Amino acid sequence: MHLLLPAPVGPAAERLDDDTLARLYAYPLLDGGESWLRVNFVSTLDGAATGADGRSGSINTGADREVFALLRALADVVVVGAGTARAEGYRRAVTPTRWRARRQAAGQQAHPVVAVVSRAASVPPQLAEPRAESGAAYLLTCRSAGPGALDAARAVLGEDHVLVHGQDTVDLAAAVADLAGRGLTRALSEGGPHLMRDLVAAGLVDELCLTLVPTVIGGEHPRISAGPPAVADLHPVLLIESEGSLLGRWTRSGVRPVVPGTP
């Protein structure tokens, strides 16, 4: 991986090691119950957010997988739509060994929590399964799911892990605030496209991390955002190149990463 933006100086111009990469993607310092929500996606050059099999995993590159693991390791909670969790086979999160000491030093739990957004209070099957030495699973849902579905979800995840906010749709702002009140302030969303759009519409997206893979696939595929128009103005603060893939970071406030050797 090679740093393109901010303009590298000295050692930062060489291949990025783990410590430098973690600093480049570090969350900003947060006060009290303040939270920061970043969204992470991958896309082909012609805008496809999935491959021919309907999964983002089929267009991932090595660099994208590396940053994907790092972003999870830096986060307290991974927020994902139920459809994406089912399609991608989400399980409870396990932090790679190489990043565990960093989480411990930051005072974080050993593994991030996975929080699934579902209006129907549907828990994806693989997330319902216990997993040794992994993070917890939460459900973010709304009252219209109904008592039966809510009770079933609580039976699987536990009473305190089913968070009900909103009547007919999930009140995402209230749900994110609830997670922050539980100490889960560094949030990462991995989509899908409809959740991305809803987070933008709710004014909750502080940051977008996007990998552009050097591929054109054609056909009909989802973009990283889907649904009615919703606008967020973001500023580029980081760009990395690795074997043709471009990995970027855009923030709402222009918060810039700390790069060794730069002013």
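Student: Okay, what am I looking at? How many helices and strands does the protein chain have?

Tutor: The secondary structure comes to eight helices and ten strands. Keep in mind that the model is predicted.

Student: And what does the C-alpha trace span along its principal axes?

Tutor: The trace covers about 60 × 45 × 35 Å.

Student: How does the radius of gyration fit with a compact globule?

Tutor: The two agree, because a compact globule with 263 residues would have a radius of gyration near 18 Å, and the protein chain has 18 Å.

Student: What share of the residues count as buried?

Tutor: Of the 263 residues in the protein chain, 47% count as buried.

Student: Let's pick one. Is Leu247 buried or exposed?

Tutor: Leu247 counts as buried, because its relative accessibility is 1%, and the cut-off for buried is under 20%. You'll find Leu247 in strand β10, which covers residues 245–251.

Student: How far is Leu247 from Asp53?

Tutor: Their C-alpha atoms are separated by 23 Å, and along the chain Leu247 and Asp53 are 194 residues apart.

Student: What about Pro147, buried or exposed?

Tutor: Pro147 is exposed, because its relative accessible area is 63% and exposed means over 50%. Pro147 sits in helix α6, residues 147–157.

Student: Switching to empty space. How does anyone find it?

Tutor: You roll a probe the size of a water molecule over the atoms, and that shows where empty space is left.

Student: So how much space lies in the largest pocket?

Tutor: About 1200 Å³.

Student: Which residues lie nearest the centre of that largest pocket?

Tutor: Gly81, Thr84, Tyr90, Glu190 and Gly192 lie nearest the centre, out of 49 residues that line the pocket.

Student: Which element gives the most to that lining?

Tutor: Helix α2 does, with six residues. The elements that each supply at least two lining residues are β2 (36–44), α2 (62–74), α3 (82–87) and α8 (193–201).

Student: What about cavities, how many of 30 Å³ or more?

Tutor: The count comes to one cavity of 30 Å³ or more. The largest cavity has a volume of about 30 Å³.

Student: Which residues line the largest cavity?

Tutor: Val116, Val123, Pro124, Leu127, Ala137, Tyr138, Leu139 and Leu157 line the largest cavity. Strand β5, residues 137–141, gives the most to this lining, with three residues.

Student: And by class, how does that cavity lining come out?

Tutor: The cavity lining has eight nonpolar residues, with no polar and no charged ones.

Student: New topic: the backbone. Where is Pro6, and what kind of peptide bond joins Leu5 and Pro6?

Tutor: Pro6 is in the loop between β1 (2–5) and α1 (18–24). The bond joining Leu5 and Pro6 is cis, with omega about -5°.

Student: What about phi at Ala121?

Tutor: Ala121 has a positive phi of about 60°, although Ala121 is not a glycine. Its place is in the loop between β4 (113–117) and α5 (125–128). Ala121 is buried, because its relative accessible area is 6%.

Student: And what is phi at Glu133?

Tutor: Phi of Glu133 is near 50°, a positive value, and Glu133 is a residue other than glycine. Glu133 is in the loop between α5 and β5. Glu133 is exposed, because its relative accessible area is 62%.

Conventions:
Residues are numbered from 1 along each chain as its sequence is written. This is a predicted model: local features need pLDDT of at least 70, side-chain atom pairs count only at pLDDT 80 or more; totals for chains, interfaces and linings use all residues. Side-chain values use heavy atoms; hydrogens and water are left out. On a 1 Å grid over the protein atoms alone, a cavity is a set of points where a 1.4 Å probe fits but cannot get out, and a pocket is an open set with protein on both sides within 12 Å along at least five of seven lines; lining residues have an atom within 4 Å of a point. Grid points are joined across faces, edges and corners, and a volume is the space filled by probe spheres set on the points. Helices (H or I, at least four residues) and strands (E, at least two) are DSSP runs, numbered from the N terminus. Ala, Val, Leu, Ile, Met, Phe, Trp, Tyr, Cys and Pro count as nonpolar, Asp, Glu, Lys and Arg as charged, and the others, Gly among them, as polar. The radius of gyration is taken over C-alpha atoms; the globule rule is 2.2 Å times the number of residues to the power 0.38. Buried means under 20% relative accessible area, exposed over 50%, partly exposed in between (1.4 Å probe, protein chains only).
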